[in-house]
Amino acid sequence: DPGLYCVQTITNCVVYSIHKYALHFSAWKEQLLSGEAFGATWMTEVQGGSDLGANQTRALWDGEAWRLEGEKYFSSGAGLTDYAIVSARPHGAPPGPKGIALFLAPRLDAQGRLNYRVRRLKEKLATRAVPSGEVEFAGAEAHLIGRAEEGIYYLLETLTLSRLANACGAMGLARKAQLEALFRVRRRKAFGQALLEHPLVRRDLTDLAVRIAGGLALTFRAVAAWDEAWLLRPPYDPRYHYARLLTHLAKARTAEHGTYCTQLAMELFGGVGFVEDFAIARLSREALITPIWEGPANVQALDTLEVLTRKGAQEPFLAEFVPRLEAVGTEEARLALGALRRTLDRLQGLEPAEAQWHAKEALRTLSDAASVALLYALEAAGGERYAKLATLYARRFLGGEEYPAWALKEPQVWAGETAPETPA
């Protein structure tokens, strides 16, 4: 539920920033961890959107404290937040993203007065469970986190953490939709038999299973990479940039899979899938936010190009996934390996503008090749089902083919080994 995981995610980002760069506020961190307080990450301004370098909120030192002047246009958690991390530009800082510092702004100032103003709450088409609004700072008391000149890097670390949470949320919504659909097609009859017995329904269930398996495998590989890198500080070593690469791939691709899966599950419900009486409609509506939160696919694609071409993340990516796919040796593994190599070779040969033109499709291809390799790797622990899912994923998303018909008689693939027969 985005209403829960968004608030928890932005709270955890504040915990992360305090724990790593502002330990003198450990008492506030304990409040956040205990549930006594909530946190938020307020970066977005109306004129900038995802362009953090366009932020205009100012930070002024008055001799005793930092004061914030400006506004944030899209502030999740507004009205609920006790401690927010806020991007602002100190007086005299250079233009662009390198001039951004990160600050901690409490709801109440040192005198116990309200420290900022929530101008209004926003009405959103998608998720309705997350309070979001516009926040005004007029001399708001704030505390500098870490070193001002490193603020943009701290900010990007919290974005990476949020993007991983976004990927988990997208796949969680997809899984909930898949389970609802499984319950439905086992009980609903049409044309004289349960929906589950119809080949086209099994084909759609296969699509759900393949997308969710691939997205989950990629997400938790990115989480594992972040676990190995999050303690690093600027200037970072290659482990951090590789974790960023995998995060961009996972965030963008799971958002696509999540929105598609919830929509497909609605279709499996038929007409009732589009009415509020059934939970499936809400899952689809909530999934609409996952491609937008923490940067849309265009932003993920540009960041992918940066870490590949400027931060050297291509080398560890090749070092991990080429041997994985070569070791499998199936036709589908070779298909994934070929797509991976062609994509990286092509990006290297393009001028910057042309590379950006092709970046979104390149991101998708690299994500899919990695997902195939990771699904094959799961066979050792999870059984033959994962090798079949890898085969299907490669054929569909890298070969551009329809799923092979043998999956029609493979309930292990489209229903899973432990799919419940009745709702919990």
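Which residues does threonine 254 touch, not counting residues up to four places away in sequence? Threonine 254 touches Ala167, Ala170, Met171, Gly215 and Thr219, where contact means heavy atoms within 4.5 Å. This is a predicted model, in which local features need pLDDT of at least 70 and side-chain atom pairs count only at pLDDT 80 or more, while totals for chains, interfaces and linings use all residues. Residues are numbered from 1 along each chain as its sequence is written, and side-chain values use heavy atoms, with hydrogens and water left out.

- Threonine 254 lies in helix α5, residues 238–269; helices (H or I, at least four residues) and strands (E, at least two) are DSSP runs numbered from the N terminus.
- With a relative accessible area of 0%, threonine 254 is buried; buried means under 20% relative accessible area, exposed over 50%, and partly exposed in between (1.4 Å probe, protein chains only).
- Glutamate 150 is found in the loop between β7 (132–144) and α3, and it counts as buried at 14% relative accessibility.
- The C-alpha atoms of glutamate 150 and histidine 248 are separated by 21 Å, and these residues are 98 residues apart along the chain.

**Aromatic pairs**

- The structure holds 17 aromatic pairs; rings of Phe, Tyr and Trp (its six-membered ring) pair if their centres lie within 6.5 Å, and planes under 30 degrees apart count as stacked, over 60 as edge-to-face and the rest as tilted.
- The pair of tryptophan 42 and tyrosine 116 is edge-to-face because the ring centres are 5.2 Å apart and the planes stand at 85°.
- This pair links distant parts of the chain, 74 residues apart: tryptophan 42 belongs to strand β1 (residues 39–42), and tyrosine 116 to the loop between β5 (101–106) and β6 (117–121).
- Tryptophan 42 is buried, with a relative accessible area of 0%, and tyrosine 116 is buried, with a value of 12%.
- Phenylalanine 269 and phenylalanine 278 also form an edge-to-face pair, at 6.1 Å centre to centre and with 75° between the planes.
- Phenylalanine 269 counts as buried at 8% relative accessibility, whereas phenylalanine 278, at 29%, counts as partly exposed.
- One aromatic cluster is formed by Tyr16, Tyr153, Trp226, Trp230, Tyr236 and Tyr240.

**Charges over rings**

- The charged end of arginine 211 sits over the ring of tyrosine 260, at 3.8 Å from its centre; a charge sits over a ring if NZ of Lys or CZ of Arg is within 6 Å of the ring centre and within 35 degrees of the ring normal.
- Arginine 253 lies over the face of phenylalanine 397, at 5.4 Å from the ring centre.

**Helix packing**

- The axes of α3 (residues 151–187) and α6 (residues 279–287) come within 10 Å and cross at roughly 160°; axes are lines fitted to C-alpha atoms, for helices over the stretch in contact, and angles run from 0 to 180 degrees between N-to-C directions.
- Helices α3 and α6 are therefore roughly antiparallel to each other; angles under 35 degrees count as roughly parallel, over 145 as roughly antiparallel, 65 to 115 as roughly perpendicular and the rest as oblique.
- Where α3 and α6 meet, Leu173, Lys176, Ala177 and Glu180 in α3 contact Ile280, Leu283, Glu286 and Ala287 in α6.
- The axes of α7 (residues 297–309) and α10 (residues 352–377) come within 9 Å and cross at roughly 90°, which makes α7 roughly perpendicular to α10.
- Contacts between these helices include Ala297, Asn298 and Gln300 among the residues of α7, and Ala355, Gln356 and Ala359 among those of α10.
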